[in-house]
Amino acid sequence: MKLSAGEKVTYGLGAVGKDMVYMLSASYILYYYQDILGVSAIAMGIILMAARVFDAFNDPIMGVVVAKTKTKWGKFRPWLFIGTVLNAIVLYFMFAAPPTLDGKGLVAYAAITYVLWGVTYTMMDIPFWSMIPAFTEGGKERESLSTLARSCAGVGSAIVTIITMKCVYVLGQGNERAGFKWFATIIAVLFVVFILIACMTIREKSTVDVDSPSVGEMFRALLQNDQAMTVVIAIVLINCSLYITSNLLIYFFKYDFGGAEWYNSYTLFNTFGGAIQILSMMIFFPLIRKFISAIQVFYVSFVMAIGGYAVLLILAFVNMSNLLLLFIPGFFIFTAFGMLTVLTTVFLANTVDYGELKNNRRDESVIFSMQTFVVKLASGVAALIASICLTVCNLSNDTENMEAAADSSVFGLRLTMTVLPIAGLLAAIFLFGKKYILTEEKIREITQKIEEKRR
């Protein structure tokens with residue numbers, strides 16, 4: 001039975017809310033604690049990275065818990081709703097640090113709330129993406145839903161990226177600390193409402209009945225599914241490249257591009273980038289996909305991203321003060337990452353079928369727990385790299401004249417934002433080209449064999 005329009009729309013709405021929350025945390029937690037509250041950049045980098053190490057154990061275990069769940073509401077929806085409510089509560093407290101805290105107390109508060117945020121986000125993110133193979137029939141329907149969900153997730157990310165600093169200034173009346181607290185509150189409420197609507201509409205359709213794996217079986221299944229491991233490593237490299245740029249972008253506009261109204265330029269650039277990223281997922285990708293295969297689109301996206309960063313690197317030596325010039329590399333980078341976001345989800349969903357044929361078990365939750373983990377791992381690694389960059393370049397809110405930051409400082413910032421992402425993307429494309437084998441023909445062959453085994 002095909003998915004209804006209502007199920008597609010509400011699933012997409014849930015993706016909007018989910019990624020609004022994720023982008024607020026991924027892009028602004030370092031800025032909030034380091035630049036606004038004065039926590040050491042290195043301390044924050046270590047906290048963010050340590051939380052991701054913890055997730056290395058937490059995320060796969062949550063995948064097992066979801067796989068073992070059996071309720072009248074299904075396997076996924078109970079955890080999706082519970083995790084959403086808890087994550088929304090933690091999000092508020094994470095951006096509402098008590099004014100009485102400072103020094104070690106503030107560091108401890110940041111560490112505790114961020115770890116709890118990661119745990120609760122995992123509780124809802126794993127079941128959310130695990131539902132794709134469970135209520136689609138594979139092939140075009142799965143790719144279509146993955147494209148829609150990722151496009152909607154991109155909309156959520158873009159909305160937060162575009163409006164955050166403007167809303168923070170308005171809600172806080174110039175006080176960034178108060179502004180972030182109220183903005184986080186609004187995002188948390190919207191998150192719960194969107195996911196609740198999705199939970200009330202979507203239904204699991206998969207009739208596959210498999211035993212829940214033990215933790216040992218789970219890790220063996222992942223190690224045996226070479227295609228899943230290839231995709232998740234590629235996701236780490238791709239997202240790390242993107243998050244290095246997104247983490248440092250606000251510092252670039254504040255301390256390099258400069259000006260008293262720097263956040264207006266920052267908002268305008270993010271508006272352009274967010275619009276391009278949404279268009280790339282909802283229009284560019286489906287259009288290009290009509291003419292070439294998904295894997296070919298994948299390679300085209302890499303060429304666009306690397307080319308965009310190369311142009312940005314050239315501008316670093318020529319002219320980084322003209323906002324319109326920055327739109328040129330921004331177009332290619334945002335377009336590429338929009339399409340890569342959709343494609344990695346499609347490829348990961350395909351590895352579920354591959355794993356079922358190879359290992360005789362269908363591990364949606366286990367496979368997609370890896371996506372949750374690696375995306376957060378990438379954000380942790382990127383945050384650590386960004387914090388090291390900020391420390392070495394001596395960029396913080398204590399800078400007396402942010403328009404006159406040392407040339408060596410802004411030069412180091414520019415290099416970190418361009419050279420490291422290029423290196424990460426080159427590593428990803430090399431790994432994918434060597435290891436990934438799930439072409440469209442191969443997927444059709446696997447799907448046919450699975451159907452024959454189920455008869």
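## Confidence in the model

pLDDT is the predictor's confidence in each residue, on a scale from 0 to 100. This is a predicted model, in which local features need pLDDT of at least 70 and side-chain atom pairs count only at pLDDT 80 or more, while totals for chains, interfaces and linings use all residues. Residues are numbered from 1 along each chain as its sequence is written, and side-chain values use heavy atoms, with hydrogens and water left out.

The average pLDDT of the chain is 83, and 85% of the residues score at least 70. Over residues 207-212 the pLDDT is below 50, and this stretch has ten contacts (heavy atoms within 4.5 Å) beyond near neighbours in sequence. Residues 399-404 also stay under 50 in pLDDT, and the model gives them eight contacts beyond four places in sequence. Where pLDDT is low, the predicted coordinates should not be read in detail.

## Overall fold

Let's take the chain as a whole. It has 14 helices and zero strands; here helices (H or I, at least four residues) and strands (E, at least two) are DSSP runs, numbered from the N terminus. Of the 455 residues, 58% are buried, where buried means under 20% relative accessible area, exposed over 50% and partly exposed in between (1.4 Å probe, protein chains only). Among contacts with a separation of 6 or more, 85% join residues 24 or more positions apart.

Met62 sits in helix H2 (residues 41-68) and is buried, with a relative accessible area of 8%. Leaving aside neighbours within four places in sequence, Met62 is in contact with Trp79, Thr122, Met123 and Ile126. Between Met62 and Ile126 there are 7.7 Å from C-alpha to C-alpha, although they are 64 residues apart in sequence.

## The largest cavity

The structure holds four cavities of 30 Å³ or more. On a 1 Å grid over the protein atoms alone, a cavity is a set of points where a 1.4 Å probe fits but cannot get out, and lining residues have an atom within 4 Å of a point. Grid points are joined across faces, edges and corners, and a volume is the space filled by probe spheres set on the points. The largest cavity contains about 750 Å³ of space. It is lined by 49 residues, and the closest to its centre are Met23, Leu242, Tyr243, Ser246 and Gln277.

Several helices each supply at least two lining residues, including H1 (5-36), H4 (103-134) and H8 (226-257). Helix H8 gives the largest share, ten residues. The lining divides into 28 nonpolar, 16 polar and five charged residues. In this grouping Ala, Val, Leu, Ile, Met, Phe, Trp, Tyr, Cys and Pro count as nonpolar, Asp, Glu, Lys and Arg as charged, and the others, Gly among them, as polar.

## Aromatic pairs

Rings of Phe, Tyr and Trp (its six-membered ring) pair if their centres lie within 6.5 Å; planes under 30 degrees apart count as stacked, over 60 as edge-to-face and the rest as tilted. By this rule there are 32 aromatic pairs. Tyr11 and Phe128 are stacked, because their ring centres are 4.4 Å apart and their planes lie at 5°. Tyr11 belongs to helix H1 and Phe128 to helix H4, so this pair ties together parts that are 117 residues apart in sequence. Both Tyr11 and Phe128 are buried.

Tyr114 and Trp117 make another stacked pair, 6.0 Å centre to centre with 15° between the planes. Both lie in helix H4, three residues apart, about one turn of the helix. Tyr114 is buried at 4% relative accessible area, and Trp117 is buried at 1%. Elsewhere, Tyr28, Tyr31, Tyr32, Tyr33, Phe95, Phe180, Tyr251 and Tyr255 form one aromatic cluster.

Conventions. On a 1 Å grid over the protein atoms alone, a cavity is a set of points where a 1.4 Å probe fits but cannot get out, and a pocket is an open set with protein on both sides within 12 Å along at least five of seven lines; lining residues have an atom within 4 Å of a point.
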